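Please have the model open beside you as you read.

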Amino acid sequence: PGMLPWPKVDFSKFGEIEEVELGRIQKISGANLSRNWVMIPHVTQYDQADVTDLEVFRKQANERHKNEGVKLTVLSFVIKACVAALKKYPQFNASVDATGENLILKRYYHIGFAADTVHGLVVPVIRNADKKGLLEISRELAQLSALAREGKLNPSDMQGASFTITSLGGIGGTYFTPLINAPEVAIVGLSRISTQPVWDGLQFLPRQILPLSLSYDHRVIDGAEGTRFITYLSEVLGDMKETLL
């Protein structure tokens, strides 16, 4: 059976109301999100990464490069970590074709990142993230984020992503279910880093913990693969220097 029609209700008979038109980006993305949620069987797997050492390294690097006009953000490290995980698990860097019968594996690593603007959510893309260093990625993140806030992104700035990261850490929260950005097959969400006690075998130590939320297309990726991917991603973030080598 088809879907039931949307309920028609005269809300004004229950009390005072105000009608506000949805923004242009909301109207465009709303249709995409609805299609993606209905057509892709989402599974979300949660994990947490110990980013204590990464945060020390990041702050030291920012101190060293403070005169270069660029700041390393957590997101730049996560982009590099995601590339490492996508190389190890290539089915996450893929798309299902229009027939639904073939998987197209991509040999490029274009990472989309969700940027919150006053106009709505947009997803600029860092192209060939595997070939760029942390400082270059940070510089591009800052430039694309500024263009997004000013409403000056070109359509080409938002095309071609093979995997997407959405970060809500600046606002708060612990875990959430990010919606897959079709025709991609996975997306990872970042929440706020918090200091938590972690047992090292002898004592509890204060560690910086980053919550990760991975949604994936269950037609393509099963639960074991989803768990392996996010476990590896958290391991990479926990020992970033090893990965950067």
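## Charged pairs

Which salt bridge do the side chains of Glu 21 and Lys 27 meet in, and what is its N to O distance? Glu 21 and Lys 27 are joined side chain to side chain at 2.4 Å, N to O. A salt bridge here is a side-chain nitrogen of Lys or Arg within 4 Å of a carboxyl oxygen of Asp or Glu. Glu 21 is exposed at 64% relative accessible area, while Lys 27 is partly exposed at 44%. For these words, buried is under 20% relative accessible area, exposed is over 50% and partly exposed lies in between, with a 1.4 Å probe and protein chains only. Please keep in mind that this is a predicted model, in which local features need pLDDT of at least 70 and side-chain atom pairs count only at pLDDT 80 or more, whereas totals for chains, interfaces and linings use all residues. Residues are numbered from 1 along each chain as its sequence is written, and side-chain values use heavy atoms, with hydrogens and water left out.

The structure has eight salt bridges. One of them joins Arg 207 and Asp 53 through their side chains, at 3.9 Å from N to O. Arg 207 belongs to strand 10 and Asp 53 to helix 2, so this pair ties together parts 154 residues apart in sequence. Helices (H or I, at least four residues) and strands (E, at least two) are DSSP runs, numbered from the N terminus. Both ends of the pair are partly exposed, Arg 207 at 23% and Asp 53 at 46%. Asp 50 joins Asp 53 and Arg 207 in a network of salt bridges. Lys 66 and Glu 63 form another salt bridge, with their closest N and O atoms 2.8 Å apart. Lys 66 is exposed at 54%, and Glu 63 is partly exposed at 48%. As a general point, side chains of opposite charge can pair when their charged atoms come close.

Now to a covered part of the fold. In strand 8 (residues 186–190), five of five residues are buried. Ala 186, Val 188 and Leu 190 point one way, Ile 187 and Gly 189 point the other way, and all are buried.

Strand 8 has a partner in strand 7 (residues 163–167), which runs parallel to strand 8 and is joined to it by four bridges. Two strands count as paired if DSSP finds at least two bridges between them. Here Ile 165 has Val 188 as its bridge partner in strand 8. Strand 10 (residues 204–217) runs antiparallel to strand 8, with five bridges between the two.

## The nonpolar core

The largest nonpolar core contains 49 residues, and Phe 163, Ile 165 and Leu 237 have the most contacts inside it. Such a core is a set of buried Ala, Val, Leu, Ile, Met, Phe, Trp, Tyr and Cys residues joined through side-chain atoms within 4.5 Å. Elements that each supply at least two residues include helix 2 (52–64), strand 4 (111–117), helix 4 (134–149) and helix 5 (223–238). Helix 3 gives the largest share, 10 residues.

Ile 165 shows how these parts meet. Leaving out residues up to four places away in sequence, Ile 165 touches residues including Leu 75, Val 78, Ile 79, Cys 82, Phe 113, Val 188 and Leu 190. Contact means heavy atoms within 4.5 Å.

Val 9, Phe 11, Phe 14 and Ile 17 make up a nonpolar surface patch with about 450 Å² of accessible area together. Val 9 sits in the segment before helix 1 (24–39) and is partly exposed at 39%.

Pro 197 lies in strand 9 (residues 194–199) and is exposed at 59%. Beyond its neighbours within four places in sequence, Pro 197 contacts Phe 204 and Leu 205. Six bridges pair strand 9 with strand 10 in the antiparallel sense, and Pro 197 stands opposite Pro 206. The hairpin of these two strands has four residues between them, and there Gly 201 takes a positive phi near 105°.

Terms used:
Patches are made of residues with over 30% relative accessible area and no salt bridge: like charges are joined within 9 Å, nonpolar side chains (Val, Leu, Ile, Met, Phe, Trp, Tyr) within 5 Å. Accessible areas come from the Shrake-Rupley method with a 1.4 Å probe; for residues, only the protein chains shown count as cover.
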